[in-house]
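Have the structure open while you read.

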Amino acid sequence: MTAADTKAAGPPVPVPRDPKADGSPLSDEGGKPLKQKRKRKKGELLPYFLILPAIVAIAAVYLYPLAKTVIMSFQDMGRRELWTGDPAPWVGFDQFTNILGDSEFWWVTFRTVVFMAICVTLTMGIGLLISLLMRRLSNWVRLILTFCMIAAWSMPLMVAASIFRFMADSDYGLINTLIAKVVGDDWLGHNWYLDPVQGFAIITLLVVWGAIPFVVVTLYAALTQVPQELEEAASLDGATSFGIFRYVTWPVIKPVFSMVSTLSVIWDFNVFGQIWLLRGSKPEPEYETLGLYSYSKAFESTSFSQGTAIALITVLLLSAVAVYYLRQLMKTGEVE
């Protein structure tokens, strides 16, 4: 090839780049990148179809009743509207104004909070002690104790309430019989439910007895995650048993303890069946908690909107506890 041929050929023509070669996006004539349509993989939507029945069931069981509760709380639905199907008149915030301005509601709320605090304190304290004790028991004794607690936990509430009602019976109750052996026969025939304080003591025993198995099993599972090497090292350094628990054991089980305590607050705040069954399905006004107070207003006073308004206020009171529980759950997941 001569020099004249090279000049005639001119400069080399640039070859366009293949966008698939270096992964650069396609662009139009103005240099703007073109949007590529992402192809859906086969079976990508299958998980959503699989959980769709569960979502529909949750919406039907929880969301629909909650929506009806909110709507009814702004109405004045009575017995006539319930039976005839006529639309209930709207009253706005009148139901909430009447409830929050009633001194009886605040007494019931105070009683509920005190009852919940006592139940949660006893449940978590006794549950923590038993879970710590289980670490020192032999395997077969621990197995028997766990079986007994699970059996008590799985017992139906009606059966457990019947047992405690018999134990606190004024004539044939085991509690009165045992106390009479110490203080004398004058205690026989004592009615525990004449005094609300004594009556709530029996109810508290039933609530704590039913809640302890879950707390013990959960806290014992958390205690198995405590490194024994750290406890042995602290013991060799001269730490006392309380010091080992405070600085070694407690930081490990604290997240689980906080979550179980929060769940206990929610459960004990909504206690209904224990009081209802021990008082023969006719609890006196001095035994009413917020759940029973809402039921009484809705069905005994036939003021269904007022009962739903009380239930909605209860949900709002527990919403802060639920948010705290979710935050603790997320923190535990981050640590793991």
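T289 sits in the loop between α13 (273-278) and α14 (290-300). Keep in mind that this is a predicted model.

- Is T289 buried or exposed? T289 counts as buried because its relative accessibility is 1%, and the cut-off for buried is under 20%.
- Skip the neighbours within four places in sequence, and T289 is in contact with V108, T112, V271 and I275.

**The largest pocket**
- This pocket's volume is about 620 Å³.
- It is lined by 22 residues, and those closest to the centre are P65, L66, T69, A311 and V315.
- Sort the lining of the largest pocket by class and you get 16 nonpolar residues, six polar ones and no charged ones.

**The second largest pocket**
- The second largest pocket holds about 480 Å³ of space.
- Its lining has 16 residues, with L132, R135, R136, E231 and T249 closest to the centre.
- At least two lining residues each come from α6 (103-134), α10 (196-223), α11 (228-236) and α12 (241-269).
- α12 gives the most to this lining, with four residues.
- By class, the lining of the second largest pocket splits into seven nonpolar, four polar and five charged residues.

Notes:
Residues are numbered from 1 along each chain as its sequence is written. This is a predicted model: local features need pLDDT of at least 70, side-chain atom pairs count only at pLDDT 80 or more; totals for chains, interfaces and linings use all residues. Side-chain values use heavy atoms; hydrogens and water are left out. Buried means under 20% relative accessible area, exposed over 50%, partly exposed in between (1.4 Å probe, protein chains only). Contact means heavy atoms within 4.5 Å. On a 1 Å grid over the protein atoms alone, a cavity is a set of points where a 1.4 Å probe fits but cannot get out, and a pocket is an open set with protein on both sides within 12 Å along at least five of seven lines; lining residues have an atom within 4 Å of a point. Grid points are joined across faces, edges and corners, and a volume is the space filled by probe spheres set on the points. Ala, Val, Leu, Ile, Met, Phe, Trp, Tyr, Cys and Pro count as nonpolar, Asp, Glu, Lys and Arg as charged, and the others, Gly among them, as polar.
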